[in-house]
Each structure stands twice: as C-alpha cells, then as structure tokens.
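Subject: Structure handover

Hi,

Here is the structure I promised to pass on. Have a look at it first, and my notes follow below.

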Amino acid sequence: MLLSDLDNNTLIIREKPEEGCIEEYDFYKPVEKWLLGVSVLPFIIVGLMANAMSIRIFSHKYMRHQSVNWYLLILSISDCIILIGAFFVLTLPRLGEILQFWQAIAISYYTTPQMYAFMTLAQTISVWMTAAMSIHRFIGVCMPFKASTILSKKNVKRLIFCVIMASILFNTTRFFEVSISGVCYMMPIGVELPVLAPTALRMNPLYHKIFYAWAYTIIMFIIPFTILIVVNSRVIVAIHKSRQVHAKLNVCDDAARKQELAKEISTSIMLVAIVLAFLTCNTLVCAYKK
C-alpha cells in the first residue's frame with residue numbers, strides 16, 4: 001500500500017520510486033476501508049468533542065486550583081492530538097477512496113510523516129501522564145501527612161514538565177522515519193499522489209532493534225504498566241479503608257470532615273476508574289499487536 005498502517009509499529013510503505021513515475025494504485029481492503037474509514041469516524045468526532053469539553057473545564061481558573069486537574073488537562077490535549085492524527089493517517093485516506101475524493105488521500109499522505117510522529121509523541125505523554133497522576137493520588141491517599149510537602153504546585157509543575165520533555169526526546173527520531181519520496185501518476189484512478197518511503201534511519205536494523213524491540217517495550221509498556229498496577233492497587237486498598245472510616249464517622253457530628261473525606265474518596269475512585277479504562281484499552285492494543 002502507499003500509506004502506512006500503524007500495526008506492530010511497522011510502516012508498510014512502497015520502495016522509493018523514480019521521479020515522474022507511474023504506479024498501480026493499491027486499493028484498501030473493503031473491511032479495512034469501511035471499518036477505519038466510516039465506522040471509526042463517529043468515535044473520533046465524539047472523542048474530539050468530549051476532550052474539547054474536558055479542556056474547557058480543566059483549564060478554568062477554579063479547576064486549576066487543584067493540581068490533579070493539571071494531569072487531566074494534559075491528558076485531554078494529548079488525546080485530541082491522537083484522535084486528529086488517527087483521522088489524517090487512518091480515516092481520511094480510506095474515506096477519500098470510498099468517496100473517490102482523491103485530494104483527501106493526497107492531503108493524508110502529505111501530512112502522514114508529521115501526524116504519525118505527533119501521534120506517537122502524544123501517546124507517550126498520555127501513558128506517562130497517567131502514571132504521574134496515579135503516583136500523585138497514591139501520595140495524596142497513602143501518605144497524607146507528607147502530601148502537602150511532596151505535592152507542592154512547584155513540584156507538580158516540574159514533574160509535568162519533565163514528562164513532556166522526556167516524551168519529546170524519546171520520540172524525536174519519529175520525525176525522521178518517514179519522508180515523501182516523490183509524486184507518482186496512479187493507475188487506474190488517473191491522479192497523481194505522493195508516495196511515502198522509509199528513511200535510512202527507519203530501515204537501520206540496529207535502530208529498529210534498540211528503539212522498537214527494547215526501548216519502546218520497556219518505556220511504553222513494562223515500566224508504566226507496572227507503576228499503574230502497583231500504585232493503583234495500593235490506592236484501592238486505601239479507599240476501602242477510608243470507606244470504613246467514613247462509615248464510622250456517620251455516627252459523629254463532624255459534617256465538614258465527613259464531606260471532605262467523601263470528596264477525597266470520590267476523586268480517588270474517579271481517577272482509579274480512568275486508569276483501569278486506560279489499562280484495559282492499552283492491554284487490548286498490546287494483544288492485537290502480538
């Protein structure tokens with residue numbers, strides 16, 4: 001195929017053609033075309049709308065008072081980038097083929113090198129921001145007497161900055177893996193389309209082994225998933241104990257204390273639910289790639 005699919009972290013791309021070349025257009029498979037071109041589109045639209053609403057909410061000045069909402073704001077932004085990238089890389093070319101709107105395919109192919117890199121960058125930020133948020137709640141729930149010192153706004157800002165910068169450094173080479181090698185006249189559709197080709201860096205066996213086989217597996221799956229499972233297991237145990245304490249407080253008259261504790265429990269449950277959904281979705285992706 002002319003364009004890549006992001007399966008198994010491998011771009012399936014034609015070899016570099018000669019300038020002014022003529023090639024046979026390779027049509028997408030029907031199931032793939034309707035699944036990624038049509039069925040996924042409503043989910044992308046709804047996801048963008050939901051994340052845009054989340055960005056609006058978490059960026060409000062009252063919501064910014066709680067540092068835990070900063071993680072949710074960054075997560076909403078990164079998810080928007082992933083959805084936009086998925087539209088241009090996966091949905092747009094297939095939808096363009098269905099509608100025979102070849103200009104849409106050209107736009108997709110021209111933007112794929114950048115969109116692919118930004119998608120992987122946003123994915124890394126999303127994974128590690130979720131891990132950072134889980135650690136934040138672990139400290140707040142399981143180490144309440146030290147939380148005010150450890151989770152100061154300055155420290156939280158430093159952590160978020162480090163996650164973003166580390167994600168950028170980790171994905172820097174992604175911007176140099178794919179390039180547009182030229183424009184070819186495609187038969188039988190009778191239009192000229194850009195052709196994507198892997199760069200020498202992408203085709204380097206040593207780079208592929210170090211980055212994809214080792215670094216990607218360790219940094220994107222093993223370490224963050226271990227952190228998420230261990231930390232959130234501790235948080236779930238702490239929530240259970242807090243519920244028991246909350247039940248005992250029902251016989252007391254300290255309404256303010258009960259309300260504060262109930263709020264903490266609700267916040268922790270919400271964040272644990274987000275993490276569990278995150279783990280489920282990414283586990284399914286890992287299983288699919290295998």
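A word on terms to begin with: helices (H or I, at least four residues) and strands (E, at least two) are DSSP runs, numbered from the N terminus. Please keep in mind that this is a predicted model, in which local features need pLDDT of at least 70 and side-chain atom pairs count only at pLDDT 80 or more, while totals for chains, interfaces and linings use all residues. Residues are numbered from 1 along each chain as its sequence is written, and side-chain values use heavy atoms, with hydrogens and water left out.

Let me start with the record. An unreviewed UniProt entry lists residues 34-58, 70-95, 115-135, 156-172, 210-231 and 269-288 under "transmembrane region"; positions are given in the numbering used here, feature names are shortened, and annotations may be inferred rather than shown by experiment. In the model, residues 34-58 are 100% helix and 0% strand, with end C-alpha atoms 35 Å apart. Residues 156-172 are 88% helix and 0% strand, and their end C-alpha atoms lie 24 Å apart.

Now helix α1 (residues 30-58). The expected span of a helix is 1.5 Å times one less than its number of residues, so the 29 residues of α1 should span 42 Å, which agrees with the 41 Å between its end C-alpha atoms. α1 bends by about 45 degrees at V40, and the proline P42 follows within four residues; the bend is the angle between axes fitted to the seven residues ending at a position and the seven starting there. Buried residues in α1 include E32, K33, G37 and N51, where buried means under 20% relative accessible area, exposed over 50% and partly exposed in between (1.4 Å probe, protein chains only).

Helix α3 has 41 residues and reaches 56 Å from first to last C-alpha, close to the 60 Å expected. Here the bend is about 60 degrees at T112, with a proline, P113, following within four residues. Of the 41 residues in α3, 29 are buried, so the helix is mostly covered.

Finally, the strands. An open sheet of 3 strands runs in the order β1-β2-β3 with mixed pairing; two strands pair if DSSP finds at least two bridges between them. Its edge strands, β1 (22-24) and β3 (191-198), each pair on one side only. β2 (residues 178-187) pairs with β3 in the antiparallel sense over 8 bridges, and P194 in β3 is the bridge partner of V183.

Happy browsing!
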